Amino acid sequence: MESVELYNIELNLDTEKKTFRGIEKIIGIANGSIALDSVGLSISSLKINGKDCQFNIDNEKQELRVNGNFSGKIELDIVFNGKVSDSLNGLYYSDTKSGPFFSSQFEATGARYTFPCIDNPAYKAEFSITMDIPRDFEAISNMPEERITENGQRKTIKFMKTPKMSTYLVYIGAGHYDVGRGDYNGKPVYLITSKGNMKDSSIPIEMAKGSLKFYEEYFGINYQLPKLHLIAVPEFAFGAMENWGAITFREVLLNLDGSSSASAIKNADEVIAHELAHQWFGNLVTMKWWNDLWLNESFATFMSFKSADARHKEWNVFDDFIISQTSGALHGDSLRKTHPIDVEVKNPNEIAQIFDEISYGKGGSILRMIEAYAGESAFRDGVRNHLKKNSFSNAIGNDLWTAIEKASGKDISNVMSAWIKTPGYPIITAKKSGDRIHLSQKKFRLDGSSDDTIWPIPLTVIRSGSKKESILFNKNEMDIDGKDFLRFNENHTGFYRVNYEGDLLQHVLSKKDSMNSFDKWGILSDAFAALVSGASNFNTYKNILTSFSKDEEYTVINEIIGQLSELRLVIQNKEKIMPLGKEYFSYHQKRLGDKKNGEPANISILRGRVNLALVHFDSEFAKELDKKFKDYDKIDPNLRMAVSTAHAIATNDSESLVESMKRQNNDEDRVKLISSMGWLKGENNYNRIMELVKSQQIKKQDSRTFFVTASRNPDTRKNIANDMDSLLALFRKYYGGTGYESRFIESVIPYVGLTDKAKIDDFVNRNKSPDINQGIEKGVEELTIYQKLNERIK
Ligand SMILES: [Zn+2]
């Protein structure tokens with residue numbers, strides 16, 4: 001079809017049998033043959049302009065093909081039946097104490113499981129949705145209710161017609177709800193949970209209102225729909241989903257109250273801000289095709305931190321941006337099996353697997369780099385013009401670069417096109433040569449290889465006396481003046497690494513007093529990458545690390561926690577790692593002491609993380625900390641994960657952890673306990689937790705937390721190795737179509753393979769398949785890197 005104007009969809013939901021019957025009218029323009037995307041639906045009748053038509057179902061292509069040729073305006077009437085899914089894709093249900101909770105997840109290609117459609121983001125249409133449900137149920141869609149008609153034991157809710165939008169953003173939900181309500185400029189903002197699960201609704205509603213205000217000002221365009229729902233979904237594969245006007249979240253992100261930890265609050269704020277950014281960037285203006293998915297995700301990622309930064313200066317959220325987004329992207333993008341940000345994708349399996357650290361973290365980091373290069377106000381003006389021009393329509397990356405280029409007068413398009421089309425990123429080697437500094441660039445890879453790709457690097461040079469220069473370094477080599485030189489990469493906005501050679505490294509390290517949190521983080525991150533890639537040895541790494549051992553910066557301590565924890569898990573020579581970690585974490589554990597009233601959120605978060613790290617490095621400390629486990633429900637929420645992990649390690653008692661998990665009334669605490677269970681030892685304990693997973697006493701969405709942790713635990717790696725086939729089957733059942741099955745495989749192979757390489761090789765050889773290939777390839781590559789690292793650190 002050439003275009004679709006309107007979908008008129010009535011879904012009649014059988015909440016007992018978990019089936020639905022759909023009556024759909026599609027109005028659009030045809031220009032030849034007609035093929036709709038449709039999977040798993042049984043079509044009972046299909047009429048075009050009132051006449052019955054013959055059709056074929058192509059299961060492999062997920063298509064419904066109508067026989068014949070059509071042109072001009074047409075009306076398709078389709079009646080179909082479908083099943084509500086028990087996986088976490090399409091229209092699916094979760095069981096709750098108050099009955100089934102129906103909710104849809106249509107991104108990327110889930111809408112076709114619920115109604116035949118052109119499931120392509122460029123085919124924007126209006127949606128007029130009607131739900132027929134039992135009388136005691138409630139329903140939610142993108143728009144407010146227009147009319148409710150009751151009919152015996154059933155009721156029909158007709159929702160107002162949506163503006164033009166893409167199919168992946170449609171939302172359909174039904175259940176028994178608790179409702180919280182706020183108001184933003186006369187528009188209702190609702191918080192929805194399953195019945196009996198509402199905590200303090202004002203916390204997430206206020207967060208949403210703060211972000212709405214920020215974006216309306218930043219984008220210069222008002223929020224477009226008449227209402228906003230924030231919906232806590234009991235089982236959810238992703239963190240959240242930006243369905244227009246009806247955003248879905250994991251419960252942990254919305255069920256907040258005074259007992260939520262500081263990191264839960266910060267995390268919820270970030271995710272709510274992310275999904276709200278999409279209401280403009282993604283929903284109002286949508287990518288033309290999934291190759292530009294990153295544009296949606298990186299933009300929402302970057303904007304969510306800007307929103308939080310504007311509202312909560314004291315959180316220093318760009319420290320978190322570096323630790324969570326830039327760091328993960330620098331790691332993933334230094335693998336051979338990475339992909340360019342702008343990647344060609346055709347089928348649903350390929351699309352599902354690009355919701356990764358490249359589309360979110362690298363894309364977000366590149367936007368941060370371009371904002372620094374273009375200037376903050378030129379960047380914002382470009383974004384505003386781009387959104388105004390393409391509202392209710394689709395756009396490609398180049399449309400945005402052109403807009404920022406116009407606003408800034410700088411060469412943005414060429415720089416961006418190089419960064420998004422080239423996989424990987426550069427490392428700059430800087431060498432002192434007389435009173436000059438000589439620079440060269442090459443591709444950085446964790447396996448030590450390289451190639452001669454050249455990037456246009458927006459390079460910043462920091463000199464003493466707060467002087468700085470910006471240079472576009474777009475060739476192989478160049479020289480700069482060495483006078484007053486301090487270091488490169490102001491605020492670490494540039495997505496590259498630096499290797500300071502010889503004396504220059506000593507010079508840079510000697511100027512630590514002038515470094516901010518980003519500078520220090522960059523030095524440490526580069527030092528670790530050099531160690532893993534084989535560019536430097538363990539002693540050089542250790543010297544740089546220990547030169548920061550008393551540093552109190554949030555980014556520094558977080559980075560060192562990550563590095564030493566990783567080394568502890570992969571390096572067999574424990575003597576090299578354990579004493580180093582014990583000394584470092586003991587120092588900071590003592591320094592941070594007990595919680596003080598009114599302390600900054602980041603201090604509470606650091607204390608929790610430092611205690612957790614020390615538990616793994618010092619068994620005496622684990623025994624000591626375990627004493628707090630009996631008062632688990634009363635201790636500072638920021639410390640709970642450290643205490644439950646200490647309990648797992650010190651006592652190896654699964655029953656007390658299971659009991660405690662069952663007693664908790666929120667996912668945040670349950671997930672902490674599930675993660676701690678991953679550190680238990682022995683087959684019996686492993687089987688005990690496996691039972692909870694199979695009987696779904698651990699939620700489907702949270703089961704991966706246990707297996708990911710257990711794959712890191714040297715004692716249970718062999719259990720995971722033996723179970724790889726059944727775990728893959730389980731994850732396909734739970735997460736099929738979301739891309740998580742692939743990410744799970746990627747995350748366990750490097751660790752389990754260190755213990756049982758033969759089993760992993762066997763698994764890999766037997767299981768090559770399009771839905772997990774990316775995970776397998778990246779996982780195996782990381783395993784090889786870790787094996788070589790082990791050979792070097794003997
Ligand atoms: Zn997103």
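Helices are DSSP runs of H or I with at least four residues, numbered from the N terminus. In helix α3 (residues 262–280), His274 and His278 are four residues apart and therefore separated by about one helical turn. An α-helix has 3.6 residues a turn, so residues three or four places apart point the same way.

The model is predicted, so local features need pLDDT of at least 70 and side-chain atom pairs pLDDT 80 or more, whereas totals for chains, interfaces and linings use all residues. Residues are numbered from 1 along each chain as its sequence is written, and side-chain values use heavy atoms, without hydrogens and water.

The zinc ion has protein donors (N, O and S atoms within 2.8 Å of the metal, or 3.2 Å for Na, K and Ca) at 2.0 to 2.1 Å, as tabulated. Their sequence spacing is H-x3-H-x18-E. Water is not among the atoms, so the site may look incomplete.

| Donor residue | Donor atom | Range for the zinc donors |
|---|---|---|
| His274 | NE2 | 2.0 to 2.1 Å |
| His278 | NE2 | 2.0 to 2.1 Å |
| Glu297 | OE | 2.0 to 2.1 Å |

His274 and His278 are both buried, that is, under 20% relative accessible area with a 1.4 Å probe, protein chains only.

The axes (lines fitted to C-alpha atoms over the stretch in contact) of α5 (residues 317–332) and α12 (residues 517–533) come within 11 Å and cross at roughly 25°. The two helices are therefore roughly parallel, a term for angles under 35 degrees.

In helix α20 (residues 667–677), nine of the 11 residues are buried, so the helix is largely enclosed by the rest of the structure. Among these buried residues are Asp667, Lys672 and Met677.

Note on methods. Buried < 20%, exposed > 50% of the residue type's maximum accessible area, 1.4 Å probe, protein only. Axes fitted to C-alpha atoms, helices over the stretch in contact; angles between N-to-C directions. Parallel < 35°, antiparallel > 145°, perpendicular 65-115°, else oblique.
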